[in-house]
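Student: I have not seen this structure before. Can we go through the terms used for it and check what each one rests on?

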Amino acid sequence: MANINVVNLTGKKVGEFELDALFSGDVNEALLWEAVKHYRASIRQGTHATKNRKLVSGAGKKLWKQKGTGRARVGSIRTPLWRGGGTVHGPQPRSYDYQFPRKKLLGALRSALSSKINDGKLVVVENFDVNEAKTKHYRTALDKLEAKKSALLVEASQQLNEKLYLGSRNLENVELVLSSEVHPYDLLKYEHAIFSKAAFETLQETLKKAVSKRQHAANAAGTEEAPKKKVVRKKKEAV
């Protein structure tokens with residue numbers, strides 16, 4: 001099993017962290033696409049609306065008598081056939097959210113973490129503690145960790161402190177999330193992912209529970225799960 005270095009906020013190595021075999025598998029790009037599609041659908045406001053003939057302004061009086069005028073019959077000025085009339089089958093406010101299996105979400109999260117590890121964009125720090133809750137301290141720390149463009153900070157919910165929240169909230173292109181709330185979309189959106197050691201341990205344990213024993217053994221052996229063989233039974237010949 002591979003190890004990843006644990007560093008402090010100055011970038012100095014202070015230890016190592018053993019990665020589980022589940023991160024050694026291939027990156028499932030199709031599953032990542034499904035997770036991102038679900039996330040983007042869930043954050044859509046869905047407030048679009050058009051006026052049908054019931055909502056459009058205008059009298060409901062019949063404009064002229066049904067017969068005898070030589071003109072086409074019409075019942076209301078709000079008809080969809082006329083300019084300024086109602087819209088037929090137009091978009092109405094609705095939610096775009098839909099159910100997404102938890103195992104698929106955790107599988108996409110595993111793939112996103114594996115991609116970051118393979119690219120060398122995932123950093124595990126001992127902790128996020130600083131002397132003062134000032135933005136400049138965290139900006140200096142991110143520069144030393146070579147996360148200058150954009151970064152996702154992940155902390156364990158038990159260890160989230162006020163200094164980290166206040167010091168990182170004004171950093172440009174930096175977002176702070178809890179280990180229980182991190183999403184594959186966040187890992188793909190930001191160039192670097194910086195985890196505290198406690199947060200990565202918690203997340204790794206959650207992912208291990210979601211992996212089947214057979215798949216975990218296959219990952220440990222470095223091989224893919226063997227497909228089940230079909231048992232073909234011969235029909236008895238009639239005597």
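Tutor: Start with helix H3, residues 135–144, where Tyr 138, Ala 141 and Leu 142 are buried. The model is a predicted one.

Student: What makes the buried residues of H3 line one face of the helix?

Tutor: Looking down the axis of H3, the buried residues fall within an arc of 100 degrees, so they line one face. In general, an α-helix has 3.6 residues a turn, so residues three or four places apart point the same way.

Student: What covers the buried residues of H3?

Tutor: The cover includes strand S4 (151–155), helix H4 (162–168), strand S5 (174–178) and strand S6 (192–196). After H3 comes Glu 146, with a positive phi near 60 degrees.

Student: Why is His 38 called buried?

Tutor: The relative accessible area of His 38 is 14%. Buried means under 20%, so His 38 counts as buried with its 14%. His 38 belongs to helix H1, residues 29–42.

Student: Which residues is His 38 in contact with, leaving aside neighbours within four places in sequence?

Tutor: They are Asp 97, Tyr 98 and Phe 100. Contact here means heavy atoms within 4.5 Å.

Student: What is the order of the strands in the open sheet?

Tutor: The six strands are ordered S2-S1-S3-S6-S4-S5, and their pairing is mixed.

Student: What makes S2 and S5 the edge strands?

Tutor: Strand S2 (13–18) and S5 each pair on one side only. Neighbouring strands of the sheet are turned by 30 degrees against each other on average, with direction ignored.

Student: How do you know that S1 and S3 pair?

Tutor: Pairing needs at least two bridges. Strand S1 (residues 3–7) and strand S3 (residues 122–125) have two bridges, so they meet that condition, and the sense is parallel. Val 6 stands opposite Val 124 in S3.

Student: Which strands does helix H6 lie across?

Tutor: Helix H6, residues 197–210, lies across S2, S3, S4 and S6, and runs at about 95 degrees to S6.

Student: How many helices and strands does the protein have?

Tutor: There are seven helices and six strands. Along the sequence they follow the pattern β-β-α-α-β-α-β-α-β-α-β-α-α.

Student: What share of the residues of the protein counts as buried?

Tutor: Of its 239 residues, 35% do. The protein exposes about 16,300 Å², and carbon and sulfur atoms supply 49% of that area. Among contacts with a separation of 6 or more, 68% come from residues 24 or more positions apart.

Conventions. Residues numbered from 1 in each chain as written. Predicted model: local features only at pLDDT ≥ 70, side-chain atom pairs only at ≥ 80, totals over all residues. Heavy atoms only, no water. Buried < 20%, exposed > 50% of the residue type's maximum accessible area, 1.4 Å probe, protein only. Helix = DSSP H or I, 4+ residues; strand = E, 2+ residues; numbered from the N terminus. Arc of directions from axis to C-beta. Axes fitted to C-alpha atoms, helices over the stretch in contact; angles between N-to-C directions. Areas by Shrake-Rupley, 256 points an atom, 1.4 Å probe, with all protein chains shown as cover.
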